[in-house]
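Trainee: I would like a close look at a single part of this model. Please take me through the place where the two chains meet.

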Amino acid sequence: MNSASCAAKISTQPFSLNPTSPASHDRPLVSPKPTSLFLGSTRKLRLSSSSKLNLHRRSGTVVAVSDVVKQKKSKSTHSLLITKEEGLELYEDMILGRAFEDMCAQMYYRGKMFGFVHLYNGQEAVSTGFIKLLKQQDSVVSTYRDHVHALSKGVPARAVMSELFGKTTGCCRGQGGSMHMFSREHNLLGGFAFIGEGIPVATGAAFTSKYKREVLKEADCDHVTLAFFGDGTCNNGQFFECLNMAALWKLPIVFVVENNLWAIGMSHLRATSDPQIYKKGPAFGMPGIHVDGMDVLKVREVAKEAIGRARRGEGPTLVECETYRFRGHSLADPDELRDPAEKAHYAARDPITALKKYLIENSLASEADLKAIDKKIDEVVEDAVEFADESPVPSQSQLLENVFADPKGFGIGPDGRYRCEDPKFTEGTAHV
Amino acid sequence: MAAIFQGVGAAAALSSSPSNSFDSKKFVFSPCRSFSVRKGASFAVVRSDGRVNLNPKGRRAQQLISNAVATKSDSAAASSSSKPGHELLLFEALQEGLEEEMERDPRVCVMGEDVGHYGGSYKVTKGLAKKFGDLRVLDTPIAENSFTGMGIGAAMTGLRPVVEGMNMGFLLLAFNQISNNCGMLHYTSGGQFTIPIVIRGPGGVGRQLGAEHSQRLESYFQSIPGIQMVACSTPYNAKGLMKAAIRSENPVIFFEHVLLYNLKERIPDEDYICNLEEAEMVRPGEHVTILTYSRMRYHVMQAAKTLVNKGYDPEVIDIRSLKPFDLYTIGNSVKKTHRVLIVEECMRTGGIGASLIAAITENFNDYLDASIMCLSSQDVPTPYAGTLEEVTVVQPAQIVTAVEQLCQ
């Protein structure tokens, strides 16, 4: 059995759920017997040997990268999971995410950006694995940990950095900030500070896609929406309500759980009665997959199937990516609660290192190719900082812009004119 | 009503002033709201029964006006349009407005609990699902926060949803989405995404519905930046405001009242909208400005009957736009009468009246001869018992007493 069909095995098994009966009683994805706790458990943390790594393998859904690589060595190259171009694209995207976030940390400590900044280091495989499969018209909804989702979706690094610096050239004119990245052009629908509140918005975007196809008769509208959120969100009502609605109406959406085991200082296991989030999918009538979120190739294979399902109109999928954030919850988090052994364990599974190894061992790219990409990205990020530095800060006149799409909403003033017609108002000096 | 514009610029002022500051039953409005009926008589005062009084300074009515309530239909002026209009109930007017907008723009859709097959808890969406299909008139599960958020996401991506809260009170569950996303996303996205959503539903104190079904959410929502709020009170303005709200690019919260759905009125056949930001002059007067909205308008008009018989001449304005306030209509009235009474169904604390007092004091303090009086509902959860419920809201007798006090 070569690696391609091994990957296929990951995908097809969970999707055997009959798509025409959302109320099906099949539960093909519930693992028949309880398996071990996640390695992130605070109750029982041992430095695992590689054999214990396989303890949380469920029906073949989780396979260590090294296993895949070992199997591959004896096969010919036509069974590779990716082409050279794809490999380099994935690598570049992940390096961009990593370099950008590292620069954010630097800039924050130098006083260029403020407030709450949540960095994505370590989780790049999820963003790259999913978003690089999307078209521009597909939508992405994220949380406050959204810089890298924005970059993967195509928002220029300059625009994101400027937004973080609070400049007018930012993607949201400086009005959103770290936690509110939006891009109409790239269909990034946010950036939300409260966990869970983006999921209904994503469900709405998926609803529009279905509406366009069925009511507006735009027959080729197959836009898909991805909703990214974390393990903490999976205990929130909005999550469950949207799983229900998405499955009920077969909306073209994929719910991507970035389970990094920690919600600030709350371990997933201390907050959740049943920590296996992917099991909650079948309870609502959709497939639930668990995938190793530190392996971009595995994530990509699962993503392909889930996105394909949505595009074909077969409905939503719940994908739980087991991943980890190398830094604290935010730059203000001292990150004292997590066990160093746990951090070391996941650091050893750095997705970028893993992909690099895969590319080189399968002769898809040379060290030189990858170094060239590293350098290119360094320049992109430096340029982004320079651009952001040189960009202007918003003037006072910007304060009242964009409150209303139609500024008549500010009302009629005592003189009978709409307030927005008052020149002082648009200069930002009118008394409101 | 024209007496308000006693000045050289009267004609010019007239042409830019809100058309619906007239008694809405008297005049038929073309979509461009022309003033063909009024322009010739800049300084006349129109009484609610259609008589023109050329003596605007007279402080006492020439004779007792038998009907001060603005419910009479067509006068001669109204038949300047060739079509007779049609009579319907308020909930039918809302339905008509919705239906017309859904026909006009295929992106308009409805979502809410029991809006489809059931036709809406107050029949506002009756028949729409049959006509437009189950996806355009979407029966949602009971998950207000999520389906309101879904409406917001749909609005961001190109649709124009009308979200119904089965009872306005249920929208408390959607407060997260309404406050954070509905109001804010246009701003935090730097203007990239518009949210042309209408969030509507029946609210207010009904007949012994109990505390939780008798809530007035206008006071809770009013601080949210980025939203507009309107309250309808007649079939005419219900349809007009509904259409305007759907066509607006801003998110609009549309307040209906449980007890007003069966009001009957004759409305024009032709297409019309009511401006979202404007107040409505219900009854022009001289002695006191009474500002009100929604159901209290009818308590005020009932009190006005008594007041007129006692020799007072109240000016009644239905503010309609709860956010933002129409300071032009309100201000002109204050400048004329110098006394203000606010009658609202909100609770006293932090209500619409409180904001209105602040706005009037800030802008028109010099014109006031007396402190502003505000009659609001009691700060209690609405009791079930009928006798207690009655005294929770403002009754006409209290309004009469308040005016008498104000005009001493």
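How much area is buried between chain A and chain B, and what percentage of that area do carbon and sulfur atoms give?

Mentor: This is a predicted model, in which local features need pLDDT of at least 70 and side-chain atom pairs count only at pLDDT 80 or more, while totals for chains, interfaces and linings use all residues. Residues are numbered from 1 along each chain as its sequence is written, chains are lettered from A and ligands numbered from 1 in the order in which they are written, and side-chain values use heavy atoms, with hydrogens and water left out.

The area buried between chain A and chain B is about 4300 Å², and carbon and sulfur atoms give 63% of it. Buried area here is the accessible area (1.4 Å probe) that two parts lose on being put together, summed over both. In chain A, the residues that lose the most area to chain B are Arg184(A), Tyr211(A) and Ile412(A), together 15% of what that side buries.

Counted by contact (heavy atoms within 4.5 Å), 54 residues of chain A meet 52 residues of chain B. The rule finds 22 residue pairs in polar contact across this interface, both residues at pLDDT 80 or more. A polar contact is a pair of N or O atoms within 3.5 Å; within protein, one must be able to donate a hydrogen and the other to accept it, and residues adjacent in sequence count only if both atoms are side-chain atoms.

On the side of chain A that touches chain B, helix H8 (198-214) and helix H9 (237-248) each supply at least two residues. H8(A) gives the largest share, 11 residues. Helices are DSSP runs (H or I, at least four residues), numbered from the N terminus.
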